[in-house]
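Here are my notes on the two-chain model.

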Amino acid sequence: MDTVNAPLLKLQGIKKDFFGNQVLTDINLELRAGEVLGLCGENGAGKSTLMKILFGAADIAETGGYGGDIFLDGEKVSFSSPFEAIAAGIGMVHQEFSLIPGFDATENILLNREPEKYNFISEIFGKRLNTLDRAEMDKRAKESIEKMGVAIDRHMMINTMPVGHKQFTEIARELSKEQLRLLILDEPTAVLTEKEAEALLDSIRGMSERGISVIFITHRLQEILSVCNTVAVMRDGVLVECEKAENMTVASITKSMVGRSVEGRTNNAARTISEDAPTVLKIDKLWVDMPGETVRNVSLEVKKGEILGIGGLAGQGKLGIPNGIMGLYEAGGNVEFEGKIIPLNNPRACLDSSFAFVSEDRRGVGLLLDESLEWNVAFPAMQIQNKFLKKYLGGLIKWRDEKAIRDVTGKYIDELKIKCTGTKQNARELSGGNQQKVCLAKAFALEPQLLFVSEPTRGIDVGAKALVLDALRKFNAESGVTVVMVSSELEELRATCDRIAIVSGGRISGILPAAASVEDFGTLMLKDVV
Amino acid sequence: MKDKITDSIKEFGLPRLIITGFLLLLLILAPFVGADLPTQISNIINRFSWNGVLVLAMVPMVHSGCGLNFGLPLGIISGLLGATISIELGFTGAASFVVAILVATPFALVFGTLYGWLLNKIKGGEMMIATYVGFSSVSLMCMMWLVLPYHSPNMVWGLSGKGLRTTISLEGYFDQALAHILQINIGNISIPTGTLLFFALLAFAIWAFLHTKTGTAMTAVGSNPAFARAAGINVDKVRMLSVVMSTWLAAIGILVYEQGFGFIQLYMAPFYMALPAVSAILIGGASVNKASIMNVIIGTILFQGIVTMTPTVMNNMIHMDMSEIIRIIASMGMILFALTRKTEAAKR
């Protein structure tokens with residue numbers, strides 16, 4: 001092959017199956033130097049698997065390798081470990097952070113590639129006793145942070161950093177590698193605030209100008225359109241579309257991602273909650289000590305039957321509100337529900353007052369990952385309301401009613417369209433979107449009067465997002481339950497809620513109707529930022 | 001068809017399959033090397049009946065996420081107190097067994113509560129702490145057995161007239177108290193039906209408990225404490241309950257063991273009692289936070305089977321009395337093997 005004019009990266013007929021389950025079929029892709037490729041697709045479309053093949057991840061080889069060829073600069077390559085991929089100039093920033101918490105940014109950026117100084121001990125005992133050249137390290141870290149174009153403190157400990165800065169530290173680490181020619185970013189903006197995401201996009205543009213190619217994976221389609229030259233869309237392991245970015249729109253990408261057009265719902269004109277609906281929940285001077293999401297002083301009134309949105313930037317305390325009220329973090333202040341005082345720091349008391357909570361920490365708090373869907377759906381209702389139990393000996397023995405549990409789980413599987421092999425499947429085996437639906441089912445089974453939903457669409461794909469939000473709206477409409485929904489995605493709040501409260505600096509900076517303009521919300525978000 | 005076979009093998013687990021195969025091999029070899037097969041089978045059944053309840057004692061704590069109960073000696077000590085006090089009070093025959101259980105129960109509840117309180121303070125390091133709780137309680141009791149005011153001539157040292165002997169015969173007391181109920185004797189095979197029924201009763205009780213509301217909460221606490229807390233469960237209380245249950249079962253377990261074995265063993269005897277029980281349940285396919293009654297039954301049969309069969313068959317093969325050495329090698333080897341399996345099924 002002509003190596004002079006060859007593209008930087010060429011994938012030819014890439015195939016991959018996991019034990020007979022075809023996850024990638026005949027992927028062909030080309031990437032030139034300095035080109036930015038946006039890769040999108042629903043969860044499970046095969047994006048991550050494709051990137052793992054490219055990066056030589058160990059689990060690919062362990063599961064029988066892949067089919068097809070990868071050409072780098074016209075030469076056929078096949079990486080059997082990430083080290084080989086790194087040596088060939090490929091860098092990857094993972095969704096999960098691979099940083100050492102107790103080291104500062106500089107140390108993490110140059111980990112295992114530190115410039116060294118000889119000293120007399122190392123002269124005798126060999127290179128392994130060289131000391132680190134701190135001054136040179138500092139210089140190089142500074143260079144790579146400048147290259148990235150986003151200012152982060154290079155002496156800050158990783159464990160004290162906000163999530164966004166951790167993400168930037170990872171990117172700076174990749175940029176500090178001189179041989180870097182292709183950078184893979186796997187959903188880097190998922191944890192970033194809008195401002196940080198904008199800075200990241202600028203940084204990507206800068207890399208592209210310096211001739212570094214970027215593969216950018218994200219669920220935020222607007223970002224792809226604004227930064228990428230080419231957009232590739234994957235669906236069910238097939239590359240369904242690969243087009244110049246200028247020929248694409250958010251709608252057309254979404255359409256090819258889900259294979260159907262997702263109805264855009266930007267406003268909620270049909271819903272009106274009358275101004276004089278009675279107040280059902282009254283929060284007064286609430287404080288919550290939730291690490292990273294401190295609530296300082298929140299007073300808020302929720303009307304019966306409405307969907308109240310709580311928005312705001314990451315780290316401003318919006319997540320602390322439901323977590324504090326539900327007793328999962330230390331809290332103080334007054335919470336009144338239908339005129340009754342709700343004791344704080346007591347999860348059971350809230351649940352007894354028919355509150356329910358869908359946690360943002362799906363895997364940590366929301367699910368019993370190693371138990372069946374039946375258990376996940378029925379457990380809280382069983383423990384709190386004595387549902388799904390058969391009573392013997394005058395209530396002395398409360399026996400699990402397996403049939404009732406199976407029935408209710410089956411009902412929600414149908415209603416929420418949960419993709420699973422059956423009610424007995426373990427929650428761990430489901431995809432993120434389906435796990436989220438199980439969390440909703442769990443809350444619905446409690447038949448609450450007040451439902452807190454925290455980040456219901458975090459990390460799930462477009463199709464599942466719409467289903468989850470629809471389910472929430474439907475639940476609200478049909479059973480008249482009051483919903484408080486916390487989300488970082490303003491668009492989603494505007495599409496779902498009646499009113500939206502914006503939290504900034506641990507306080508409510510304002511409440512607007514969903515139809516208010518984005519600029520107004522933006523102003524509120526930045527009002528008291530700490 | 002082939003898939004079905006591989007599936008069922010996978011479910012049963014390769015290690016268990018190998019151990020079962022080895023046990024079958026020993027059973028087949030036995031008659032050829034001159035060991036009496038019916039006696040051997042009878043041995044396995046008897047040992048199963050002695051040890052079953054002790055292994056069962058692992059289940060509640062595993063379910064609540066407290067890990068394997070290495071603090072089993074604590075419960076065993078409660079049982080020993082029950083047995084010795086029952087004899088001291090002058091009960092004989094089957095009545096002494098019932099009284100032993102009644103006396104052991106309050107001790108088990110108190111010790112279990114203290115032990116549970118301690119384990120709630122050190123979440124995450126339960127198994128290590130439990131091991132030392134077991135060890136130190138054994139050492140403390142070594143002194144207590146000498147000091148406590150026992151007078152029954154059947155139990156105290158003959159010369160000084162005070163302090164309990166290391167081994168106390170149960171003849172005339174509850175020796176074979178359960179085993180003789182409905183005992184079946186066919187040739188050289190003797191089946192202790194009563195003991196097996198007693199085990200079945202307790203196993204059923206635990207199985208039933210795990211199907212109740214509280215039992216479900218216990219499993220959920222073990223599976224994900226944060227989830228349970230968010231569902232309004234008092235995690236500490238549930239863990240405490242599981243520890244008390246485990247301790248009480250251990251107390252009953254040692255009484256069942258003694259009635260079959262025919263002797264009360266004091267002082268250092270409870271020291272290593274936890275390990276065979278832990279190994280048995282692990283070999284049975286349990287993990288650090290999942291265990292079923294089936295794991296208990298399969299594990300006890302396999303573990304006790306190997307431990308009884310290996311020395312006999314080996315002895316007869318090499319015509320030299322090495323039974324004790326081989327027994328130690330086999331049982332410690334099994335423990336080592338079982339503990340290596342632990343990581344495989346460990347949490348997340």
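This is a predicted model: local features need pLDDT of at least 70, side-chain atom pairs count only at pLDDT 80 or more; totals for chains, interfaces and linings use all residues.

1. The scores are ipTM 0.80 and pTM 0.73.

2. Confidence in chain A. Chain A has a mean pLDDT of 83, with 93% of its residues at 70 or more. Among its elements, strand S22 (residues 482-486) of chain A has the highest mean, 92. The lowest mean, 76, belongs to helix H10 (residues 250-258) of chain A. Read residues 261-269 of chain A with care: the pLDDT there is below 50. That stretch has 13 contacts in the model beyond near neighbours in sequence.

3. Confidence in chain B. For chain B the mean pLDDT is 86, and 96% of the residues reach 70 or more. Helix H11 (residues 235-261) of chain B has the highest mean of the chain's elements, 94. Helix H14 (residues 323-344) of chain B has the lowest, 69. Over residues 343-348 of chain B the pLDDT is below 50. This stretch makes 6 contacts in the model beyond near neighbours in sequence.

4. Overall form of chain A. Chain A holds 19 helices and 24 strands. Its radius of gyration is 26 Å, close to the 24 Å from the globule rule for 530 residues, so chain A is as compact as a globular protein of that length. Along the principal axes, its C-alpha atoms fill a box of roughly 80 × 50 × 50 Å.

5. Overall form of chain B. Chain B holds 14 helices and 4 strands. Its radius of gyration is 21 Å, close to the 20 Å that the globule rule gives for 348 residues, so chain B is also as compact as a globular protein of its length. The box filled by its C-alpha atoms is roughly 60 × 55 × 35 Å along the principal axes.

6. A six-stranded sheet in chain A. In what order do the 6 strands of the open sheet run? The order is S6-S9-S10-S3-S11-S12 (chain A), with mixed pairing. Strand S6 (90-93) and strand S12 (238-244) of chain A are the edges, each pairing on one side only. Neighbouring strands are turned by 15° against each other on average, direction ignored.

7. Strand S9 (residues 182-186) of chain A and strand S10 (residues 213-217) of chain A pair in the parallel sense over 5 bridges. Leu183(A) has Val214(A) in S10(A) as its bridge partner. Helix H8 (residues 194-209) of chain A packs on the sheet and touches strand S3 (36-41), S9 and S10 of chain A. The direction of H8 makes about 150° with that of S10(A).

8. The S11-S12 hairpin. Strand S11 (residues 230-235) of chain A and S12(A) pair in the antiparallel sense over 6 bridges. Val231(A) stands opposite Glu243(A) in S12(A). The hairpin has 2 residues between the strands, and Asp236(A) takes a positive phi near 50°.

9. Strands S13, S16 and S17 of chain A. Strand S13 (residues 279-288) of chain A pairs with strand S16 (residues 331-337) of chain A in the antiparallel sense, over 6 bridges. Ile283(A) stands opposite Val335(A) in S16(A). S16(A) is also joined by 2 bridges to strand S17 (residues 340-341) of chain A, running antiparallel. There, Glu336(A) stands opposite Ile341(A) in S17(A). This hairpin has 2 residues between the strands, and Glu338(A) takes a positive phi near 50°.

10. The interface. How many residues of chain B are in contact with chain A? There are 15, and they meet 23 residues of chain A. On the chain B side, helix H9 (213-223) and helix H10 (225-230) of chain B each supply at least two residues. H9(B) gives the most, with 5 residues. By class, the side of chain B that touches chain A has 7 nonpolar, 6 polar and 2 charged residues.

Definitions and conventions
Residues are numbered from 1 along each chain as its sequence is written. Chains are lettered from A and ligands numbered from 1 in the order in which they are written. Two residues are in contact if their C-beta atoms, placed from the backbone, lie within 7 Å. Ala, Val, Leu, Ile, Met, Phe, Trp, Tyr, Cys and Pro count as nonpolar, Asp, Glu, Lys and Arg as charged, and the others, Gly among them, as polar. Two strands pair if DSSP finds at least two bridges between them. Axes are lines fitted to C-alpha atoms, for helices over the stretch in contact, and angles run from 0 to 180 degrees between N-to-C directions. pLDDT is the predictor's confidence in each residue, from 0 to 100. The radius of gyration is taken over C-alpha atoms; the globule rule is 2.2 Å times the number of residues to the power 0.38.
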